[in-house]
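Here are my notes on the model, as numbered points. Please read them with the structure open.

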Number of protein chains: 2
Amino acid sequence: MGNKLDTDTPIYIKVSTKDNTAIIVNSGGLTKGAKFSCGLALNERIPEGHKVALCNIAAEEEIIRYGEVIGYAKDHIKKGSWIRESLVDMPSPPGLDNLPFSTNLVDVSPLEEGFTFLGYRNSDGSVGTKNILGITTSVQCVVGVLEYAVKRIKEDLLPRFPNVDDVVALNHNYGCGVAINAPDATIPIRTIQNLAKHPNFGGEVMIIGLGCEKLIPQRLNDGEDNDNILTLQNESGFVNMVQSIINMAEERLDKLDKRKREVCSVSDLVIGVQCGGSDAFSGVTANPALGFATDLLVRAGATVLFSEVTEVRDAVHLLTPRAATKEVGDSLIREMKWYDNYLNKGQADRSANPSPGNKRGGLSNVVEKSLGSIVKSGTLPITDVLAPGEKVKKKGLTFAATPASDFVCGTLQLASGIHLQVFTTGRGTPYNLPIAPVLKVSTRNTLQEQWHDLIDINAGKIANGEATIEEIGWEIFKDILEVASGTKKTWADKWGIHNDLALFNPSPVT
Amino acid sequence: MGNKLDTDTPIYIKVSTKDNTAIIVNSGGLTKGAKFSCGLALNERIPEGHKVALCNIAAEEEIIRYGEVIGYAKDHIKKGSWIRESLVDMPSPPGLDNLPFSTNLVDVSPLEEGFTFLGYRNSDGSVGTKNILGITTSVQCVVGVLEYAVKRIKEDLLPRFPNVDDVVALNHNYGCGVAINAPDATIPIRTIQNLAKHPNFGGEVMIIGLGCEKLIPQRLNDGEDNDNILTLQNESGFVNMVQSIINMAEERLDKLDKRKREVCSVSDLVIGVQCGGSDAFSGVTANPALGFATDLLVRAGATVLFSEVTEVRDAVHLLTPRAATKEVGDSLIREMKWYDNYLNKGQADRSANPSPGNKRGGLSNVVEKSLGSIVKSGTLPITDVLAPGEKVKKKGLTFAATPASDFVCGTLQLASGIHLQVFTTGRGTPYNLPIAPVLKVSTRNTLQEQWHDLIDINAGKIANGEATIEEIGWEIFKDILEVASGTKKTWADKWGIHNDLALFNPSPVT
Ligand SMILES: [Ca+2]
Ligand SMILES: [Ca+2]
Ligand SMILES: [Ca+2]
Ligand SMILES: [Ca+2]
Ligand SMILES: [Ca+2]
């Protein structure tokens, strides 16, 4: 690789030598008769990112990509034909009770160079990468008043505190009118609690409560009832509420403004990885490059979270061998079973993922999507597993169980404490998070060209040989350090856009 | 009533002659020894809004309020004692299979005076009470870009269109990463579809989609793929997306600016009623007054929606007799059963409602809360039942099934098409909706005094005899007409605060 190929030359990507299928690289797809350098010619038009049969595949025979079975042919598929989604029967998901644990543990060789970044060290030892006044809420009822106050704080106060990056209201749809004691209520509650402890808030978070909500504000404050909490029902009217919030903010802005960046080790970083709007290139360009960066981060001592249960589920047999211990393996299985049960209760099945856009992008089913998705996690041992919204506990590679939904996964990884999320996308999404930046990596050149002011890194160059997986992996790694240091901004942060927090609440609303 | 009582005089409210308990009216409660005009003296201090035993109640004997059993005494309760929550065993909910239908149908006598308001008549015959540019979304991914564009539209364009009240982005956490084909997915999808059809948007709603989401934008547009839809993945980058949204908005603002108010009949109005942050006064001041207003509206030919399944459930035996037809009764039971099943699946029980604030306000349990809550629905026959998020179909009193959660109920009633929500509150909440105003009615004088710039109408005057239920009922009715006409603003609309939409999504996230 490393040499750019003529874009008119018909080209496909085959990932494993075992594969009997490959995906079309050429922008716009290829027409009938197109001939590859190996001699293979197409029987019909195949769109970009979609699969071609590399040999004749008999009905009921295995269709293999990434060296794994992604499905079975519904009918005879001729060599050079388009393997449409409608021709593929999905395999059963791997059973969860007899998976091999810890049979594929690669040695973690530390990086030779000691990479650093500039961060804000907090009194509890954690490190922030932004300096934000966080204002959390114990119930959605307060949001209207809070947003009014935040607007005033940003306009009137923030300019006086140049070292503070932003004021962020942690709005959510929880807190009351919910079954607060139902078993799964622990998930949204833990998420809200941990969001307030994000290292970018420097321990100076404010809590705005109403006063009659089920989620009492003290639960967001380690049970303490101190001057972090403002209860609207104790205030004398709206004008008073707003002024009290502003006064409370001013004290904290004053403290936050004194925070200073200092040199920190990469091992202080917590990085999340995710994909969204995936296409057939995700698994061969952006995700492998991100997997390489994941390995670099882990080798440098950092923590990396990968997530998205519904995309991991069908490839979990490739992850349990990487569980560092039996406990990690058991926890991984526990999270898969919880989700299987959750989907069953809601009468949903695996075909709910991928999305129509994924399918138009060439992904036949969740098995193919999963194989391309888990590549983001690199190759190293999995050292920990977090239930949804749990705070990160260990260095190294962690599986943080979350839905695959981009904004829900983002919210849960924030609660776990990520400083930055690397997000690979094939179809394109402008998604960004309010507390931590989202670094966007495109899977295709065409997306980067079209969305030149939203895509931060282009992994599409890997497909046509302009760059190697390793080169893009290093680019991601180095960009992470720059963004974490505040010396570089992601496109979405430059525009100042972000998505609302979206809690994962599997328990009833009342 | 009608004469103000000395606030130092000990006073209680007994609702039905059958009651063996009454609530303390005096602000701050009453101390031991306090003596009522009837001769009853307190054995102990009782807080405001809490219950006193009017006679000796033996262990396991019925505790009666509103003429209904709200529980059973856990222990002997002496006359003049405080009936604490801990002394009350909850009764079983009424069974759903043998309830009487249509046995209590009161005649609807039309109001003599023909009341009117000033509204915007739409081409489909519906009437708007505000003139809003609505911009809906098929997936949460687009929210960051959309909010950036909306800010620009409000700053740069809106001042040029003085007849347009507002630009509202219909943000929500749905659209992708969800089990879109699960049985209960119909609820959030229908809600989003119907929100876009709100009469205040004048049929000029815009739809912003991403391009790869599961909820395809055409589903928000009656299946049509016309120029209402803007797909971000078709745009060349961020700057371009924003400009395209602005251009699309300008065309629609131009049309909306030509809308004019005309005289409309009250029968064109759709009014929602809800309570939140309830206390023991809710059921004796604000809710009965609202119930009177509900009757006035129905008698004037309008549609009134009442909701909150978890608060109706324990009093449903008082509602089925008011079902206008067997079909209405069956639908009411269907919605109760759906919710029973939903709560069971989530292992939640009825004790999840009321909230701690309700309990501090004097409400022992959901039975007592329900009896006080359904009073909002007045006395007239129930002519229709809507599943969550369904569009209103008939004139008259409609049960619109929703959770009791204030912001979820508000969102669902908006989808059903309410022009205004009347919201009674005892503890106080600043809650407001983005598309339709929320008229807030306080249950106590003290709340109105404390939140003088948020409470629109004070029903607390009923408790100490300063006003009658009928007087406050008429005040609510007349304020509705003024707010609907745009000649009066609610406090929350004056401040421009509102809560985020909160979808009811009982189906899985993926
Ligand atoms: Ca993904
Ligand atoms: Ca995702
Ligand atoms: Ca918002
Ligand atoms: Ca209520
Ligand atoms: Ca409510």
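1. A definition comes first: two strands pair if DSSP finds at least two bridges between them. Strand S11 (residues 206-209) of chain B and S12(B) pair in the parallel sense, over 3 bridges. Within this pair, Ile208(B) stands opposite Leu230(B) in S12(B). Keep in mind throughout that this is a predicted model.

2. Now the sheet around that pair. Its 4 strands run in the order S10-S9-S11-S12 (chain B), and the sheet is open with parallel pairing. Strand S10 (166-170) and strand S12 (229-231) of chain B are at the edges with a single partner strand each, so one side of each has no neighbour in the sheet. From one strand to the next, the twist averages 20°.

3. Which helix packs on this sheet? Helix H1 (residues 143-157) of chain B does, touching strand S9 (132-137), S10 and S11 of chain B. The direction of H1 makes about 175° with that of S10(B).

4. Chain B also has an open sheet of 3 strands, in the order S4-S5-S6, with antiparallel pairing. Strand S4 (62-65) and strand S6 (88-89) of chain B are the edge strands, and each pairs on one side only. Strand S5 (residues 68-73) of chain B pairs with S6(B) in the antiparallel sense over 2 bridges. There, Tyr72(B) stands opposite Asp89(B) in S6(B). Helix H8 (residues 366-373) of chain B packs on the sheet and touches S4 and S5 of chain B. The direction of H8 makes about 165° with that of S5(B).

5. Next, the interface. In chain A, 73 residues are in contact with 73 residues of chain B. The two chains bury about 5500 Å² between them, with 60% of it on carbon and sulfur atoms. How many salt bridges are there between chain A and chain B? The count is 0. Polar contacts are another matter: 30 residue pairs between chain A and chain B make them, both residues at pLDDT 80 or more.

6. Helix H1 (143-157), helix H3 (238-256), helix H6 (326-345), helix H7 (356-360) and helix H9 (406-416) of chain A each supply at least two residues. The residues of that side divide into 39 nonpolar, 26 polar and 8 charged.

7. Over all chains, the whole structure holds 54 salt bridges. One of them joins the side chains of Lys74(A) and Asp89(A), at 3.9 Å from N to O. Lys74(A) lies in the loop between strand S5 (68-73) and strand S6 (88-89) of chain A, and Asp89(A) in strand S6 of chain A, so the pair ties together parts 15 residues apart in sequence.

Note on methods. Residues numbered from 1 in each chain as written. Chains lettered and ligands numbered in written order. Predicted model: local features only at pLDDT ≥ 70, side-chain atom pairs only at ≥ 80, totals over all residues. Heavy atoms only, no water. Contact = heavy atoms within 4.5 Å. Buried area = accessible area lost by both parts, 1.4 Å probe. Salt bridge = Lys/Arg side-chain N within 4 Å of Asp/Glu carboxyl O. Polar contact = N/O pair within 3.5 Å; in protein donor to acceptor, adjacent residues only side chain to side chain. Nonpolar A, V, L, I, M, F, W, Y, C, P; charged D, E, K, R; others polar. Axes fitted to C-alpha atoms, helices over the stretch in contact; angles between N-to-C directions.
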